Amino acid sequence: MKKVLALSAAMLMASASIATAAQCTNDTWKKVMSRGKMVVGVKADYKPWGFRDESGNLVGMEIDMAKAAADAMGVEVELVPVQSSNRMQFLEQGKIDLMIATMSDRPDRRKIVGIVQPNYYTSGTNVMSPKALGLTKWEDLRDKPVCGKQGAFYNKIVTERYGAKVIAFTGNAEAKQALRDKKCIAWVYDDSSIGSDLSSGNWDDFEMPLSSEDDNPWGLAVPLAEKDCVFGNFMSGLSYNWLQNGQLIEWEKKWGIKATSFLADKKERFKDWLDK
Amino acid sequence: MSARGIPGIARPATTDLPVLLPIDPVKASGPDPYLLTRWLANIPLWVPALLALVVGLWPLAAQAAFTTGDAFSTLYRWLWFLTTKGFLFNVLISFFAMAIGTVLGAVLGLAQISLNPGVRMAAKFITQTFRNSPWLVLLYIVLLAFPFEIVIGDLIIPVPDWMKAVIGLSLPIMANIAEIVRGAVQSVPTAQWEASESLAFTRTQTLWRIILPQCFKRMIPPWMNWYAILTMATPLCSLLGVEELLTLTRQAMESAGNQPELLVPFYGFALLIFFAYCYPIARLTVRLERRFAVKL
């Protein structure tokens with residue numbers, strides 16, 4: 001009896017190890033290594049995480065992350081501008097190997113792409129609206145026109161939860177112009193972005209009156225098949241290090257992003273137990 | 001004036017004899033295939049100049065720290081990048097889409113007048129399908145359905161987005177060029193066919209040596225008309241994220257802080273540069289149309 005048990009256990013283990021081996025083909029990792037170049041999908045329209053400088057080069061906090069990741073792997077980096085609407089398809093198709101594109105980590109998205117833990121940033125949903133309106137709660141948006149940006153997941157949330165009538169624009173400039181033209185009573189977007197707008201001094205008659213909702217961590221993503229394999233584990237470790245050694249906080253400072261408690265908390269939590 | 005009017009002046013002339021007709025620039029009869037080109041060509045040059053001036057003197061929308069002056073100096077700094085990396089791509093896309101569309105369209109147009117009913121029907125079906133599909137739908141299908149790279153053994157051929165946009169845009173152009181070819185061949189008087197048949201030319205010989213040379217001249221204006229339309233349609237690709245003028249304009253505005261004051265200068269610049277490119281084409285098209293008009 002013992003023999004049978006041992007045999008079946010051995011067989012089970014063997015089959016399990018075969019199954020793991022079969023799961024991890026590490027195609028993307030091998031491809032990156034063999035051609036010596038990693039293609040990273042980044043934003044080109046999300047200042048200061050990913051945008052263009054005046055000579056057209058892509059720069060920003062996430063571009064620094066992409067370059068650091070490629071450096072750590074010892075390969076060149078190629079940046080491909082992606083949009084909210086096509087970034088996950090690009091990763092699925094293999095057009096990009098890695099995606100660092102201000103993507104909120106949502107349960108439905110985890111089924112499509114391999115979102116790597118730990119998360120590297122966070123943002124919540126809030127609105128910018130004229131001070132004169134004196135909005136105080138999200139319910140004030142009911143049945144009112146609200147400007148938004150196409151492709152943002154919270155457009156649906158404010159519609160369903162608060163009955164707001166969202167008018168989605170292709171660009172932020174258009175949406176903000178519509179807000180100034182009084183075509184809508186508020187502009188729903190990421191709180192960090194609205195915060196930097198308000199501090200620019202061009203929006204003195206406007207405020208961010210509500211409490212941020214759906215505080216949602218951002219995740220970088222590898223192809224789903226690579227998530228628990230070499231590439232996914234590598235990026236996991238790298239993200240952990242960035243949080244632990246304060247690299248992300250440094251980048252945040254470098255790009256003039258309002259400091260978030262998220263990164264400070266993570267740094268504290270992952271602190272080396274030998275450091276006193 | 002009498003109730004019946006004078007034929008040819010007060011009312012349309014009615015005759016089935018071949019007569020010399022005056023060119024009808026407004027095309028009172030039937031829809032005008034040159035509508036867009038004619039509209040463009042009819043814009044006097046001072047209109048965009050005035051527009052540019054109005055844009056330059058755009059009153060301040062709000063008491064903002066970011067002024068229109070700032071917006072223009074921002075545009076000025078981006079001008080070179082937008083033109084060389086953005087607009088040249090629009091021209092490139094239109095150029096290749098036109099080249100592919102013309103070659104395929106010529107084949108399809110000739111297939112439409114084939115004596116083989118199977119070929120004729122198939123060509124007609126393809127033409128009507130692509131002529132009547134929205135351009136954006138065709139673009140979406142091509143961009144999303146085509147692979148981003150083609151792997152043949154060890155050889156990897158990358159297919160960049162703009163190349164897929166070229167393919168997507170060349171499909172409706174192909175169908176419209178096919179109609180131009182078919183129309184041009186049919187506009188040649190049947191007497192030409194009969195005469196060449198009496199001289200024992202084969203059908204292929206008739207087509208290549210007698211009919212098509214006569215068609216060529218009269219196909220130039222509608223061909224240029226479609227080129228102008230195509231060029232003005234290339235910003236459609238921006239909806240799909242292809243890196244062309246409008247996509248980069250949006251990214252430039254984002255980079256400059258997304259101030260609403262940027263909208264008019266940046267989009268105004270896009271408008272002017274497209275006008276500057278398409279306007280001479282439209283003027284020349286209308287002139288050639290006049291010269292090559294079929295007066296029969």
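**The contact between the chains**

Modeller: Chain A and chain B bury about 2500 Å² between them, and 48% of that lies on carbon and sulfur atoms. Among chain A residues, A:Arg52, A:Glu54 and A:Asn202 supply 25% of the area that chain A buries against chain B, more than any other three residues. This is a predicted model: local features need pLDDT of at least 70, side-chain atom pairs count only at pLDDT 80 or more, and totals for chains, interfaces and linings use all residues. Residues are numbered from 1 along each chain as its sequence is written, chains are lettered from A and ligands numbered from 1 in the order in which they are written, and side-chain values use heavy atoms, with hydrogens and water left out.

Biologist: What makes an area "buried"?

Modeller: Buried area is the accessible area (1.4 Å probe) that two parts lose on being put together, summed over both. The contact (heavy atoms within 4.5 Å) takes 29 residues from chain A and 27 residues from chain B.

Biologist: Why is the pair B:Arg250 and A:Glu174 called a salt bridge?

Modeller: The term requires a side-chain nitrogen of Lys or Arg within 4 Å of a carboxyl oxygen of Asp or Glu. For B:Arg250 and A:Glu174 the closest N and O atoms are 4.0 Å apart, and the pair is a salt bridge. Between chain A and chain B the count is 3 salt bridges.

Biologist: Which elements give two or more residues to the side of chain A that touches chain B?

Modeller: They are strand 2 (45–46), strand 3 (50–52), helix 4 (87–93) and helix 7 (172–180) of chain A. Helices (H or I, at least four residues) and strands (E, at least two) are DSSP runs, numbered from the N terminus. Helix 7 of chain A gives the largest share, 6 residues.

**Within the chains**

Biologist: Why are helix 1 and helix 10 of chain B called roughly perpendicular?

Modeller: The axes of helix 1 (residues 35–42) and helix 10 (residues 263–292) of chain B come within 8 Å and cross at roughly 110°. Axes are lines fitted to C-alpha atoms, for helices over the stretch in contact, and angles run from 0 to 180 degrees between N-to-C directions. Angles under 35 degrees count as roughly parallel, over 145 as roughly antiparallel, 65 to 115 as roughly perpendicular and the rest as oblique. Helix 1 and helix 10 of chain B are therefore roughly perpendicular to each other.

Biologist: How do you know that A:Asp97 and A:Lys31 link distant parts of the chain?

Modeller: A:Asp97 forms a salt bridge with A:Lys31, the closest N and O atoms being 3.8 Å apart. The two are 66 residues apart, with A:Asp97 in the loop between helix 4 and strand 6 (98–100) of chain A and A:Lys31 in helix 2 (residues 27–35) of chain A.
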